[in-house]
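Here's a protein chain to walk through together. Have the viewer open and follow along from the sheets to the rings.

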Amino acid sequence: MKKILILSASTGGGHNRAAKAIQEELFAKNIDCEIIDSLKFVSPTIDKIISKGYEKSAMYTPKAYGTIYKISDLKISKNEINSNLVLTYMIRKLKKLINTMQPDAIIGTHPFPLMAVSNLKKNNVIDIPIISILTDYTIHSTWIQEEVDNYIVGDEYVKYLLEEEGISKDKIYPYGIPIEKSFLSSDVEGIKKELNLEDKFTVLLMGGSFGAGNIKEAFLDLLSINKDFQIIVVTGRNSSLKDKIQKTLDSTNTDKHVVILPFTNKMNDILSVSDILITKPGGLTTTEALLKEIPMIIPYYIPGQEGENLDFLLNSGVALKTTEKYNLKILITLLMENPNRLNNLKSNIKSLKKLNSSENISNLIISKIK
């Protein structure tokens, strides 16, 4: 039986979700497939430092994270790889794993392990296809390695970005960022009943799995809008934020129906009953919103890849961004009073979203290992 190794990492939710979506599809095609969280595999301590460091910097020092992102967006030389202790250790550990597992191809949903296995291929330690799945709507130099055979990207925009970096167009497949098939289904009536939702305009407010962004300020803005709509707030794994939102609601005189939720595995249902999504533009969140045809309003984002995801959304005409004058109150009022504007955004999403991403990617993988 053919075997596939998928290398991911827990810096944000998108890398692992993409890996699981591909694994699900490969299993359905009777291909043996194992996912390795590369940072946890190398060292639980290193994983905590890097993954938690990403989470904390994204939440509390986003500008500093954005600066580091820009500085690191440079080609990394062989000498720099050899001097990077984490990467050097990862190369050694993955070499042993690959020798033991003997996979027929390697899929990467995070740049760190891709850099490691590309180094192994460059030094003739391995000679199997390496396929990179980019999990944002932009590129970063750490994703770009000469030894990568194919790049899966979320949109044609990203394809052109890679071509500008010298990657052959024949290597690039704009199949979309993969999401599990179960996400595409939804129980609209069930979630309405569970959350006691009314049949009216619904605004979903969130900040990814971390609950990052100025969600409390956005929530106060929504409560101040003199329009009849209901609000769902998803605070993710940020229990402190959930308490703040609840206290804000309790101290505010409002007739709006508000539902406050922690991290939930029912986002497919919740997005299906929402008319507008207010959020930061993470790769996973962006993909889910596009698949569910939900226009986005972006009042906050983490500088770096999310800022570039925002550029993609605005250039594609599928999202609005708040500014000092075009604030959340104005944008929500505009879309509610001018439904044609909302429909225009939805129409643009329909022309942009990528269906069957996981299936197309799995078919490509299988074609490479025959």
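A bit of bookkeeping comes before the tour. This is a predicted model, in which local features need pLDDT of at least 70 and side-chain atom pairs count only at pLDDT 80 or more, while totals for chains, interfaces and linings use all residues. Residues are numbered from 1 along each chain as its sequence is written, and side-chain values use heavy atoms, with hydrogens and water left out.

Let's begin with the overall picture. The protein chain has 17 helices and 12 strands; these are DSSP runs numbered from the N terminus, with helices being H or I of at least four residues and strands being E of at least two. Of its 370 residues, 54% count as buried, where buried means under 20% relative accessible area, exposed means over 50%, and partly exposed is in between (1.4 Å probe, protein chains only). Among contacts (heavy atoms within 4.5 Å) between residues at least 6 apart in sequence, 70% join residues at least 24 apart.

Buried or exposed, what is Lys121? Lys121 is buried, with a relative accessible area of 15%. Leaving aside neighbours within four places in sequence, its contacts are Ile126, Asp127, Ile128, Pro129, Ile130, Glu147 and Asp149.

Six strands also form an open sheet in the order S9-S8-S7-S10-S11-S12, again with parallel pairing. Here strand S9 (258–261) and strand S12 (319–321) stand at the edges with a single partner strand each, so one side of each is left without a neighbour in the sheet. From one strand to the next, the twist averages 20°. Strand S7 (residues 202–206) and strand S8 (residues 230–234) pair in the parallel sense over five bridges, and Leu204 has Ile232 as its bridge partner in S8. Packed on this sheet is helix H11 (residues 239–250), which touches S8 and S9 and whose direction makes about 160° with that of S9.

H11 is a handy helix to check by hand. Its 12 residues, at 1.5 Å a residue, should span 16 Å, and the end C-alpha atoms are 17 Å apart, which agrees; the expected span is 1.5 Å times one less than the number of residues. Its buried residues are Leu241, Ile245, Thr248 and Leu249. Seen down the axis of H11, these buried residues fall within an arc of 100°, so they line one face of the helix; the arc is that of the directions from the helix axis to the C-beta atoms. What covers them includes helix H10 (215–223), S8 and S9. On the other side of H11, Ser239, Lys247 and Asp250 are exposed.

Next come the rings. Rings of Phe, Tyr and Trp (its six-membered ring) pair if their centres lie within 6.5 Å, with planes under 30 degrees apart counted as stacked, over 60 as edge-to-face and the rest as tilted. The count by this rule comes to three aromatic pairs. Tyr137 and Phe312 have ring centres 4.6 Å apart and planes at 10°, so the pair is stacked. This pair links distant parts of the chain, 175 residues apart: Tyr137 is in the loop between strand S4 (130–133) and strand S5 (150–152), and Phe312 is in helix H14 (residues 305–315). Both Tyr137 and Phe312 are buried. Tyr173 and Tyr175 form a tilted pair, 5.3 Å centre to centre with 45° between the planes. Tyr173 is partly exposed at 22% relative accessible area, and Tyr175 also counts as partly exposed at 23%. Tyr137, Tyr157 and Phe312 form one aromatic cluster.

The last stop is Val158, in helix H8 (residues 156–164). At 0% relative accessibility, Val158 counts as buried. Not counting residues up to four places away in sequence, Val158 touches Leu134, Tyr137, Thr138, Ile139 and Val153.

How values were computed
Two strands pair if DSSP finds at least two bridges between them. Axes are lines fitted to C-alpha atoms, for helices over the stretch in contact, and angles run from 0 to 180 degrees between N-to-C directions.
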